[in-house]
Amino acid sequence: MRDIKILGVLEEGNGSRFHRVKVILDGLADDFTVNYITFPFREVVLTEEHFKNYDVIVSSWIITNPVWEINMWCSIHNCKWIQDQDDGIPQSNHPYYKEEKQREYCKRWIQQMAITCDALTVATELIKSGFEELRRDVMVSHNFLPESGQFSLENKNWDGNRKLICGIASSYSHLPDFEELRGVLKKIGNDVELQKKIKFVIF
């Protein structure tokens, strides 16, 4: 049987690509040839060579290339494109795309991708529902953090004799999300009674 070569597309500082691409493909490495390419943050640009040298390309979120170019190279080189989305189609209140021109471009890119890629996976049932008008075979692949290599988990039972520690953990690609929480974090920081009971950590 012919060996299937898979290329996972990663991006510096992008936690989604780590969990949604690398963690998944690492589990296939015993059965297929799996390689990765890592791009600088927000500079994910594929070349025709990637499609020529691999049978499957797996990516998450947006690639800088226009969708028609990806589809053209897939067709020429008989390469399959699997795309993953852990967010829905950008709406007017999206924290990442506040400029209308950028938001509309990303919206069109995601819609065109959803229609034409060979397989589409998403993180939640809610995100899936937003794509079902564009295609019916959307698959849900839930995030799975334990044993992923990024977090060290310990079983600790809180005994009530110390502050309860609450935290947010994320890659810096989610900075716009944290900015959306600024008002809530400020409220927590100014709540004297809450500070007596909770230690709030961002890392």
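Analyst: The protein chain exposes about 13000 Å², of which carbon and sulfur atoms supply 53% (Shrake-Rupley method, 1.4 Å probe). This is a predicted model, in which local features need pLDDT of at least 70 and side-chain atom pairs count only at pLDDT 80 or more, while totals for chains, interfaces and linings use all residues. Residues are numbered from 1 along each chain as its sequence is written, and side-chain values use heavy atoms, with hydrogens and water left out.

The protein chain has eight helices and eight strands, taken as DSSP runs numbered from the N terminus (helices: H or I, at least four residues; strands: E, at least two). Of its 203 residues, 34% are buried, meaning under 20% relative accessible area with a 1.4 Å probe and protein chains only; exposed means over 50%, and partly exposed is in between.

Buried in helix 4 are Arg-103, Cys-106, Trp-109, Ile-110, Met-113 and Ala-114. They lie on the same side of helix 4 because they cover an arc of only 130° around the axis, the arc being that of the directions from the helix axis to the C-beta atoms. Glu-100, Lys-101 and Ile-115 are exposed on the other side of helix 4.

The cover over the buried residues of helix 4 includes helix 3 (67-77), strand 4 (80-85), strand 5 (119-122) and helix 5 (125-131).

Terms used:
Contact means heavy atoms within 4.5 Å.
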